[in-house]
Amino acid sequence: MLEAARCIVYRELLLALRRRSDVATALLFFVIVASLFPLGIGAEPNLLRSIAPGVIWVAALLSSMLSLGRLFAADHADGTLEQMLLGATPLGVVALAKTFAHWLVAGLPLVAIAPLIALQYDLPAALYGVLALSLALGTPVLSMIGAIGAALTLGLRGGGVLLALLVLPLYVPVLIVGAGAVEMAAAGLGAGAQLLLLGAALVLACAFAPWAIAAALRISME
Amino acid sequence: MSEFFAMGGYALYVWGSYGVTAALLALEVFFLRKRVRETKA
Amino acid sequence: MLEAAGLECVRQQRVLFAGLGFALRNGESLRVAGPNGSGKTSLLRILCGLLLPSAGEVRWKGAPIRSLREDYSRQIVYLGHAPAVKDELTAGENLEIACRLAGLPFTGDSIAEALARFQVPQFSFIKKLSQGQRRRAALARLCLSESAPLWLLDEPFTALDAAGIELLKGLIAGHLGRGAMVVYSTHQDPGLAATQVLELA
Amino acid sequence: MTASSIRWFWYASPQTFFPLAGTIARWCGLAAALLAAAGLYVGLFIAPTDAQQGEAYRIIFIHVPAAWMSMFLYVVMACWAALGLAFNTRLSGMMASAIAPTGALFTFIALWTGSLWGKPTWGTWWVWDARLTSELILLFLYFGFMALQAAIDDPRRADRAGAVLAIVGVVNVPIIYYSVKWWNTLHQGASVSLTRAPSMAATMLTGMLLMALAFWLYSIAVTMVRVRCIIKEREA
């Protein structure tokens, strides 16, 4: 079971390595979106500091959702997804492994680069830790919920917009609690509760999402 | 009778809500009837 | 022992086939024949569990495959129309990953030997190969799946040259000799005697 | 199959359910009209004027029942969806897609009346109140469900894909509500939210319950008629 999961993650990383440009686009999108807001709202430091958590989280959410389209589409097109459905390991494990690999490529880089964006928004350095931690806990949940949407909209016309319509309402709780964590820390109240909630969301997603992704894949591959 | 329709000065909001709700429900029934006629044909 | 009883398949509100049944024992092969669009692919997808029939059931060794899930898919090899190989990987990497996911035992040189038999260069990227070579890279998996008791092959003979067809016939005959079962679909007769033939209108 | 299970699945086949749906639709439609008339009469004529909000509070007789229905219909839709996935019965999938438009309509009505109620009471058309915001997100969930079903041609796949989305959605509805409720207290403070409904005089409560019952029967009637259309379209 674990061996197959490791093989899938190894395969995804190998493919990502061979298509380095895709990894870079998700990251660049995140940086560009985050840099647009000051241009739109103005560079007044106090204002930027107050909107920073929300903006960084929304930008992270959008860029991780953007790269979801590629999660299953490429394998669906060349027939390898069928072989994964007929593999020796339960489909839930395959789905979780693929989503974890997607998170490594699309989610983790966001966590790494978020403090850089926070610098741009003049966020106090003390908050970098909470920001990175909240993103580290939140982006896997976003990937898992997004993977359900990606599996449901496999091979449909207008998949990108439809995927966003399906998945964004489900992202709302993660966004609220994630951005709230940084705001609470900024207000000096400590973000413990919010980070625990994000942890709970992560556990809930790990327990529930694989079933939903597997069911959605079986339905889409019919 | 007229002060009933005035709704204590909130006529716009009260009748705005009731009117639009009635209109929307009627609209749904209308489109449904149209769909029934289409499936019969 | 693969049994199908009362299989019915409806695609886009059109009944492709209904009440279809057969029983296949060890060492037997079943050829599914019929013109394009007669439901050959749908039948094979039902047999391997990818597609749910609208009626009827497929049983493997007496148990319905819907409840067996991985236990059943571990024992079969399904090759569909798509060659199931990734363009950015080399033929060797593709084969190794496919065997690992399907839980089939393999060694370094068994992969090399399988690719050599199908004349597919082991270390070149799939995207550099021709359509025929891609097809053979996918079929090379059959050399490594001798332990799988059931092969389900959808139009395996298409886009193959004469040598490829002979090689594939040899592999199928060899696998049947080992007491396994093979179900394959073709739209023209490949000149291979099948113990049972299922004609789809 | 024992005798009882045969009868249980007897109505699961769309053909046999078709005439039954017709009779249910007629009776529920009639009852809904009567109850609505009674509810409106109580709400508009008998219920006393509210001390603080004057006549504006009468919008509650539409807003609260519509909000209840929007959540209730989503849960019912998810139940039909789950049944459809578990038993692979075609009718359950049809019922789920028949409910969605009515559910979305009631969600929109709840939002519309909510904002019309907010204007006289708090001076703004849109109030970022916890319940109104989660109604808005519920509307997106409904549109997501309908858009997914519209994007898939094969009816069977559309039903089952919609079912998975509805189940994932129904798990998220309470989570969304409570996260929005927490978010509301974080930013707004409780003062602006609609939670302080006026004190519930007996007639107000009966008015609201009558309207809720009327909306419920109306939804059943409309869903039955729509499911008959779907059966005809798919099984023709």
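So, polar contact first: I mean a pair of N or O atoms within 3.5 Å, where within protein one must be able to donate a hydrogen and the other to accept it, and residues adjacent in sequence count only if both atoms are side-chain atoms. With that rule, chain B and chain D share 5 residue pairs in polar contact, both residues at pLDDT 80 or more.

Quick housekeeping. This is a predicted model, so local features need pLDDT of at least 70 and side-chain atom pairs count only at pLDDT 80 or more, while totals for chains, interfaces and linings use all residues. Residues are numbered from 1 along each chain as its sequence is written, chains are lettered from A and ligands numbered from 1 in the order in which they are written, and side-chain values use heavy atoms, with hydrogens and water left out.

Okay, who does chain B touch? Contact here is heavy atoms within 4.5 Å. Chain A and chain B do not touch, and their nearest C-alpha atoms are 24 Å apart. Chain B and chain C have no contact either, with the closest C-alpha atoms 16 Å apart. With chain D it's another story: 22 residues of chain B are in contact with 32 residues of chain D.

Buried area is the accessible area (1.4 Å probe) that two parts lose on being put together, summed over both. For chain B and chain D that comes to about 2400 Å², with 77% of it on carbon and sulfur atoms. On the chain B side, B:Y13, B:Y18 and B:E28 lose the most area to chain D, together 26% of what that side buries.

B:E28 turns up again in a salt bridge, meaning a side-chain nitrogen of Lys or Arg within 4 Å of a carboxyl oxygen of Asp or Glu. Its side chain meets that of D:R226 at 2.9 Å, N to O. Helix 2 of chain B, residues 11-40, gives the most to the side touching chain D, with 18 residues. Helices, by the way, are DSSP runs of H or I, at least four residues, and strands are E, at least two, numbered from the N terminus.

On a 1 Å grid over the protein atoms alone, a cavity is a set of points where a 1.4 Å probe fits but cannot get out, and a pocket is an open set with protein on both sides within 12 Å along at least five of seven lines; lining residues have an atom within 4 Å of a point.

The second largest pocket has a volume of about 750 Å³. Of its 30 lining residues, B:V29, B:R33, D:Y218, D:A221 and D:V222 are the closest to its centre. Helix 2 of chain B, plus helix 2 (14-46) and helix 7 (202-235) of chain D, each give two or more residues to that lining.

How many cavities of 30 Å³ or more are there? The structure holds 3. The largest has about 300 Å³ of space, and of its 27 lining residues the closest to the centre are A:Q83, C:A84, C:N94, C:A98 and C:R141. Helix 4 of chain C supplies the largest share of that lining, 7 residues.

The second largest cavity has about 50 Å³. Its lining includes D:M71, D:S134 and D:Y177, and helix 5 of chain D gives the most, with 4 residues.

Definitions and conventions:
Grid points are joined across faces, edges and corners, and a volume is the space filled by probe spheres set on the points.
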